[in-house]
Amino acid sequence: MKIVHTDLHGFMLFEDLDVSWSDNINIISGENSTGKTTVLKALYSATKPLTAPDFLKLTKEQQEQRFVNKMLGVFRPDEMHLGRLTRRKQGMNATCCNISFDGNRSVDLSFNSKKTNHADLQVQGLQGEKFDAVFLPTKEMISNTEHFASLYEDYHIDFEETYYDLVKLLDRPLSKGPNTSDQRRVISSLQDIILGNVVQKDRKFYLEESGAGIFEMGLVSEGYRKIAILLYLVLTGSLGANTILFWDEPETNMNPKMMRPLVSAMVELARSGVQIFVTTHDYFLIQEFNLYNVYPQLLNRGGESLDIRFYSLYAEEGRGISVETGRDVTEMEHNSIMQQFDEMYKREQDLMYGTK
């Protein structure tokens with residue numbers, strides 16, 4: 001199951017965002033407050049409810065409530081009022097979110113600014129396909145898994161539901177049998193970064209480094225903890241064929257040196273059938289992905305290719321947020337990351353040669 005198209009009309013920052021997606025890897029960039037994380041959360045909210053085994057057995061009203069609850073849990077608007085997710089304009093405002101999947105399957109969710117906890121839902125073409133959706137937020141959770149799920153279920157704590165969903169995935173045991181060839185390739189790339197294995201004991205996680213011992217996750221750097229999360233999800237089978245991965249700013253708290261093996265791991269995930277959506281502010285991460293498009297021989301497999309697309313969100317006067325799409329990030333007109341890099345280079349040249 002792959003997301004192929006999205007139309008967000010009147011949703012938060014977006015007057016009308018109409019985007020077609022790659023089946024493989026989608027990299028979303030843009031300045032702050034252009035809606036990068038909003039897009040990721042909207043896609044996740046409209047996809048995750050479909051992964052429940054009992055979804056097609058529910059009544060229409062129950063299905064609608066599943067979507068509403070997920071959207072409220074992920075976005076957490078004030079007073080859990082769904083209508084606050086509409087684009088803010090004078091008068092009553094309406095929102096329509098359309099998510100299209102391959103195989104002529106789709107989800108349409110609509111509501112207005114007066115709605116508190118109800119939306120109109122239309123689901124078409126689903127036949128009970130088994131797939132999953134995984135959201136990795138900017139903060140790591142592998143060092144806080146022991147009691148988080150029970151606390152979240154019993155108390156009102158101020159965390160978005162993406163953190164709760166991730167902790168439930170981390171609670172899964174390792175899959176039986178040997179790792180597949182796809183898993184081994186991803187694991188190899190990730191272990192190039194953390195140089196060890198992830199171990200779970202009594203719902204606590206540890207990093208086991210060869211020749212150095214076992215370290216509690218709380219004593220490991222946050223960048224390594226984020227890699228450990230990805231590694232464990234691969235080992236349990238939570239990240240594999242027919243999974244959609246949403247990762248919000250993976251570069252947070254990671255050294256630029258980690259970007260190359262990290263991107264290599266995501267490329268291997270995409271090869272294995274994972275559809276990937278990533279938001280980023282990082283020059284090194286976006287350039288590592290770009291190299292695979294510009295130099296396809298990096299894939300090291302005869303005749304194989306991946307569809308890696310870049311999306312730049314930008315504010316356009318009188319039109320709200322717009323999007324530019326490209327397959328070579330250096331040729332995109334709206335690219336705040338590359339523009340800032342160029343501006344810094346020019347500033348250095350001016351200082352070096354005394355032109356300013």
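Two strands count as paired if DSSP finds at least two bridges between them. Strands (E, at least two residues) and helices (H or I, at least four) are DSSP runs, numbered from the N terminus. With that in hand, seven bridges tie strand S13 (residues 308–316) to S14, and the two run antiparallel. Tyr314 sits opposite Ser322 in S14. The model is a predicted one, so to speak of local features takes pLDDT of at least 70 and side-chain atom pairs count only at pLDDT 80 or more, while totals for chains, interfaces and linings use all residues. Residues are numbered from 1 along each chain as its sequence is written, and side-chain values use heavy atoms, with hydrogens and water left out.

The S13–S14 pair belongs to an open sheet of six strands, in the order S7-S11-S12-S3-S13-S14, and the pairing is mixed. At the edges are strand S7 (132–136) and strand S14 (320–326), each of which pairs on one side only. From one strand to the next, the twist averages 15 degrees; angles here run from 0 to 180 degrees between N-to-C directions, and axes are lines fitted to C-alpha atoms, for helices over the stretch in contact. As a reminder, strands of a sheet pair through backbone hydrogen bonds, either parallel or antiparallel.

Two helices lie across this sheet. Helix H1 (residues 36–45) lies across strand S3 (25–30), S7, strand S11 (243–248), strand S12 (275–279) and S13, and runs at about 155 degrees to S11. Helix H6 (residues 222–235) lies across S7 and S11, at about 170 degrees to S7.

Elsewhere, S4 and S5 pair in the antiparallel sense over eight bridges, with Ser106 in S5 as the bridge partner of Ser100. Three residues separate the strands of this hairpin, and Gly103 there takes a positive phi near 75 degrees. On to the next pairing: five bridges join S5 to strand S6 (residues 120–124), again in an antiparallel run, and Ser110 has Asp120 in S6 as its bridge partner. Strand S5 (residues 105–112) is mostly covered, with six of its eight residues buried. Buried means under 20% relative accessible area, exposed over 50%, and partly exposed in between (1.4 Å probe, protein chains only).

Arg76 has phi near 50 degrees and is found in the loop between helix H2 (60–75) and strand S4 (94–101); its relative accessible area is 29%, so Arg76 is partly exposed. Asn253 has a positive phi of about 65 degrees and belongs to the loop between S11 and helix H7 (259–271). Asn253 is partly exposed too, because its relative accessible area is 47%.

Helix H2 also meets another helix. The axes of H2 and helix H4 (residues 161–170) come within 6 Å and cross at roughly 105 degrees, so H2 and H4 are roughly perpendicular to each other. (Angles of 65 to 115 degrees count as roughly perpendicular, under 35 as roughly parallel, over 145 as roughly antiparallel and the rest as oblique.) Asn69, Lys70, Gly73 and Val74 of H2 make the contact with Glu161, Thr162 and Asp165 of H4, where contact means heavy atoms within 4.5 Å. The residues of this contact divide into one nonpolar, three polar and three charged.

In helix H7 lies Ala270, which counts as buried because its relative accessibility is 6%. Leaving aside neighbours within four places in sequence, Ala270 is in contact with Asn24, Ile25, Ile276 and Leu306.

A search of the whole structure finds 13 aromatic pairs. The rings of Trp21 and Phe277 have centres 5.1 Å apart and planes at 80 degrees, so this pair is edge-to-face. The pair links distant parts of the chain, with Trp21 in the loop between strand S2 (14–20) and S3 and Phe277 in strand S12, 256 residues apart. Rings of Phe, Tyr and Trp (its six-membered ring) pair if their centres lie within 6.5 Å; planes under 30 degrees apart count as stacked, over 60 as edge-to-face and the rest as tilted. Both Trp21 and Phe277 are buried. Ring pairs also link Trp21, Tyr44, Phe135, Phe246, Phe277 and Tyr311 into a cluster.

Notes:
Ala, Val, Leu, Ile, Met, Phe, Trp, Tyr, Cys and Pro count as nonpolar, Asp, Glu, Lys and Arg as charged, and the others, Gly among them, as polar.
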